Amino acid sequence: MEKRKALLLGDYSYPEFHPLQGVDEEISHILQDWMTVQCSENRKMLLKENLTSFDLCISYCDSRKEVLSPQQTAGLLSYVSGGGGLLVLHNGITLQGRYEIAQLMGARFLRHPAAGPLSFKVTEPDHPIMEGIEPFEMQEEPYRFDFDPFTEKTLLMEYEHEGQWWPAAWSLSYGLGRVVYLMPGHNQPSFKQEGYRKLLLQAAKWAGRFPG
């Protein structure tokens, strides 16, 4: 079987809090049987002509101050609406600077209390992404979100914090494409947690419409 291609976009040079170094190795290893991963910090990769050769785009971008250009925004929207897959991990939601991208991802990041041990549970066990996923615990930042009311989302997981449950993962369709957001992924150790590794792989396969 010929491997598919994924683009992993993040920040090596000037990340705010989440460098792509190390995380790129973990994600590439998790996906290695299914796809080759090209890693980049160049936002120009989001232009339509650059995205067309990829089966999946993965955002681990970490720059809330950098807003995508209209051309980059249009490129990503066109890619996903035309059938491409978008997997957004943890801080990757910081692409939200333009309202069109926030709507594409289904929510905006608001803030997070201090990191700590969090318990995660499945809320949609019948979804293909969640097949065989058991509850797990990991050290993470408990992200809080403002959800776009116009986007129909499927909540996949929740995490427990301060005595209540909060959204931790969701999926949605956008035109002909698919989008998944996974909250965990604060640093390289996050990607070594077996439950999360399996979740990430299945999310990537679903978003990219990979067989099997």
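# Reading the core, sheet and ring pairs

Me: Which residues have the most contacts inside the largest nonpolar core?

Reply: In soluble globular proteins, nonpolar side chains tend to be buried together. In this predicted model, the largest nonpolar core has 68 residues. Leu31, Leu76, Leu87, Leu89, Leu182 and Leu200 have the most contacts inside it. Helix H5, residues 194-207, gives the most to this core, with 8 residues.

Me: Take Leu76. What is Leu76 in contact with, leaving aside its neighbours within four places in sequence?

Reply: Its partners are Leu46, Leu51, Cys57, Leu86, Leu95, Ile101 and Leu104.

Me: Now the sheet. What is the order of its strands?

Reply: The sheet is open, with 9 strands and mixed pairing. The order runs E2-E1-E3-E4-E11-E10-E9-E6-E7. Strand E2 (35-40) and strand E7 (136-140) are the edge strands, and each pairs on one side only. Neighbouring strands are turned by 25 degrees against each other on average, direction ignored.

Me: Which strands does H3 touch where it packs on the sheet?

Reply: H3 touches E3, strand E4 (85-89), E10 and E11. The direction of H3 makes about 110 degrees with that of E11. H5 lies across E2, E3, E4, E7, E9, E10 and E11. H5 runs at about 165 degrees to E11.

Me: In which sense do E9 and E10 pair, parallel or antiparallel?

Reply: Strand E9 (residues 154-161) and strand E10 (residues 164-174) are antiparallel, with 7 bridges. Glu160 stands opposite Trp165 in E10. The two strands form a hairpin with 2 residues between them. In that turn, Glu162 has a positive phi of about 55 degrees.

Me: And E10 with E11: over how many bridges do they pair?

Reply: E10 and strand E11 (residues 177-182) pair over 6 bridges, again in the antiparallel sense. Tyr174 has Gly177 in E11 as its bridge partner. Ala169 has Leu182. This hairpin has 2 residues between the strands, and Gly175 takes a positive phi near 60 degrees.

Me: How many aromatic pairs does a search of the whole structure find?

Reply: A pair of aromatic rings is described by the distance of the centres and the angle of the planes. The search finds 11 pairs. One of them joins Tyr60 and Phe191. Their centres are 6.0 Å apart, with 70 degrees between the planes, and the pair is edge-to-face.

Me: Why does this pair tie together parts that are apart in sequence?

Reply: Tyr60 lies in the loop between strand E3 (56-59) and helix H3 (70-81), and Phe191 in the loop between E11 and H5, so the pair bridges parts 131 residues apart in sequence. Tyr60 is buried at 0% relative accessibility. Phe191 is buried at 0% too.

Me: Why is the pair of Phe120 and Tyr159 tilted?

Reply: The cut-offs decide: planes under 30 degrees apart count as stacked, over 60 as edge-to-face and the rest as tilted. The planes of Phe120 and Tyr159 are at 45 degrees, so this pair is tilted, with centres 6.2 Å apart. Phe120 is in strand E6 (residues 116-122) and Tyr159 in strand E9, 39 residues apart. Phe120 is buried, with a relative accessible area of 2%. Tyr159 is buried as well, at 0%.

Me: Which residues do ring pairs link into a cluster?

Reply: The cluster holds Phe109, Tyr143, Phe145, Phe147, Trp170 and Tyr181.

Me: Where does Arg144 lie?

Reply: Arg144 lies over the face of Trp166, at 3.6 Å from the ring centre. Lys5 lies over the face of Phe54, at 4.9 Å from the ring centre.

Note on methods: Residues numbered from 1 in each chain as written. Predicted model: local features only at pLDDT ≥ 70, side-chain atom pairs only at ≥ 80, totals over all residues. Heavy atoms only, no water. Pairing = 2+ DSSP bridges. Helix = DSSP H or I, 4+ residues; strand = E, 2+ residues; numbered from the N terminus. Core = buried A, V, L, I, M, F, W, Y, C linked by side-chain atoms within 4.5 Å. Buried < 20%, exposed > 50% of the residue type's maximum accessible area, 1.4 Å probe, protein only. Contact = heavy atoms within 4.5 Å. Phe/Tyr/Trp six-rings, centres within 6.5 Å; stacked < 30°, edge-to-face > 60°. Lys NZ or Arg CZ within 6 Å of the ring centre and 35° of its normal. Axes fitted to C-alpha atoms, helices over the stretch in contact; angles between N-to-C directions.
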